[in-house]
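Trainee: Could we go through this protein together? I would like to start with the surroundings of the ligand and then turn to the fold.

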Amino acid sequence: MSEITIRTVETADLDRCFEIETVSYSGDEAATKSKIQKRIKTYPEGFIVLENSLEIIGFINSGATHKVLLSDEEFKELIGHDPEGEHVVILSVVVHPLYQGKGFAGKLLEKFISMMKTSSKTDIFLICQTDLIPMYQKYGFHHLGLSTSDHGGMSWHEMSLSL
Ligand SMILES: CC(C)(COP(=O)(O)OP(=O)(O)OC[C@H]1O[C@@H](n2cnc3c(N)ncnc32)[C@H](O)[C@@H]1OP(=O)(O)O)[C@@H](O)C(=O)NCCC(=O)NCCS
């Protein structure tokens with residue numbers, strides 16, 4: 001495995017992040033380029049990218065809030081986001097298909113969790129599909145139950161990790 005680094009996102013990363021989002025998520029599930037641009041601009045502290053010597057491989061982005069409502073579609077555009085919010089909501093965890101199954105999502109999650117601890121956030125929330133519940137449990141998340149979110153026309157589970 002070539003050396004990898006994880007760092008906070010930069011404006012110039014937009015095209016590659018959008019490419020990864022588009023090839024990795026199916027249909028309506030993928031965020032648009034303008035949503036990703038807004039996440040980079042509005043909350044770079046909650047947006048990390050993992051790269052090797054050639055390119056960005058995957059990323060995690062998020063928003064912060066004082067009040068968590070995981071079915072809120074507007075939050076995906078960071079409407080309601082407040083950088084001072086004590087709760088963090090992960091919006092995307094994604095690894096380019098060419099690099100999946102090599103532990104990169106795990107590395108991103110570990111780094112993200114430790115960064116959020118350092119910035120004094122109290123917990124991290126996300127929604128995921130059934131097959132990914134064990135992956136998030138491995139990193140300490142608890143299953144809260146089915147979400148009322150129908151994001152992308154699918155059903156979702158809510159999970160949280162107390163920091
Ligand atoms: C989900 C995703 C981020 C995983 O990335 P990855 O780098 O392949 O994951 P890792 O190799 O770090 O795997 C971490 C653990 O999760 C498990 N896992 C990964 N993808 C899985 C899947 N689709 N179903 C079940 N388990 C999965 C792995 O087996 C591994 O467990 P192990 O350590 O016990 O073997 C990647 O498949 C992806 O980008 N998918 C499309 C976008 C997406 O659905 N993101 C999740 C949004 S909630």
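**The ligand shell and the fold**

Mentor: The shell around the ligand is made up of 9 nonpolar, 5 polar and 3 charged residues. Please keep in mind that this is a predicted model.

Trainee: Which residues come nearest to the ligand?

Mentor: There are 17 residues around the ligand, and those that come nearest are Gln100, Ala105, Gly106, Cys128 and Met135.

Trainee: Let us turn to the fold. How many helices and strands does the protein have?

Mentor: The protein has 4 helices and 7 strands. Along the sequence, they follow the pattern β-α-α-β-β-β-α-β-α-β-β.

Trainee: In what order do the strands lie in the sheet?

Mentor: The 7 strands form an open sheet with the order E1-E2-E3-E4-E5-E7-E6, and the pairing is mixed. At the edges are strand E1 (5-8) and strand E6 (142-146), each of which pairs on one side only. From one strand to the next, the twist averages 25°.

Trainee: What holds paired strands together in general?

Mentor: Strands of a sheet pair through backbone hydrogen bonds, and the pairing is either parallel or antiparallel.

Trainee: Do E2 and E3 run parallel or antiparallel, and how many bridges join them?

Mentor: Strand E2 (residues 48-51) and strand E3 (residues 56-65) run antiparallel, joined by 4 bridges. As an example, valine 49 has phenylalanine 59 in E3 as its bridge partner.

Trainee: Which strands does helix H1 touch?

Mentor: Helix H1 (residues 14-24) packs on the sheet and touches E2, E3 and strand E4 (87-95). The direction of H1 makes about 95° with that of E3.

Trainee: Why does histidine 143 count as partly exposed?

Mentor: Histidine 143 counts as partly exposed because it has 15 C-beta neighbours inside 10 Å.

Trainee: What share of the protein is buried?

Mentor: Buried residues make up 29% of the 163 residues.

Trainee: Finally, how does the radius of gyration compare with that of a compact globule?

Mentor: For 163 residues, a compact globule would have a radius near 15 Å, and the protein agrees with this at 15 Å.

Methods. Residues numbered from 1 in each chain as written. Predicted model: local features only at pLDDT ≥ 70, side-chain atom pairs only at ≥ 80, totals over all residues. Pairing = 2+ DSSP bridges. Helix = DSSP H or I, 4+ residues; strand = E, 2+ residues; numbered from the N terminus. Axes fitted to C-alpha atoms, helices over the stretch in contact; angles between N-to-C directions. Contact = placed C-beta atoms within 7 Å. Buried ≥ 20, exposed ≤ 12 C-beta atoms within 10 Å, placed from the backbone. Near = placed C-beta within 6 Å. Nonpolar A, V, L, I, M, F, W, Y, C, P; charged D, E, K, R; others polar. Rg over C-alpha atoms; globule rule 2.2 N^0.38 Å.
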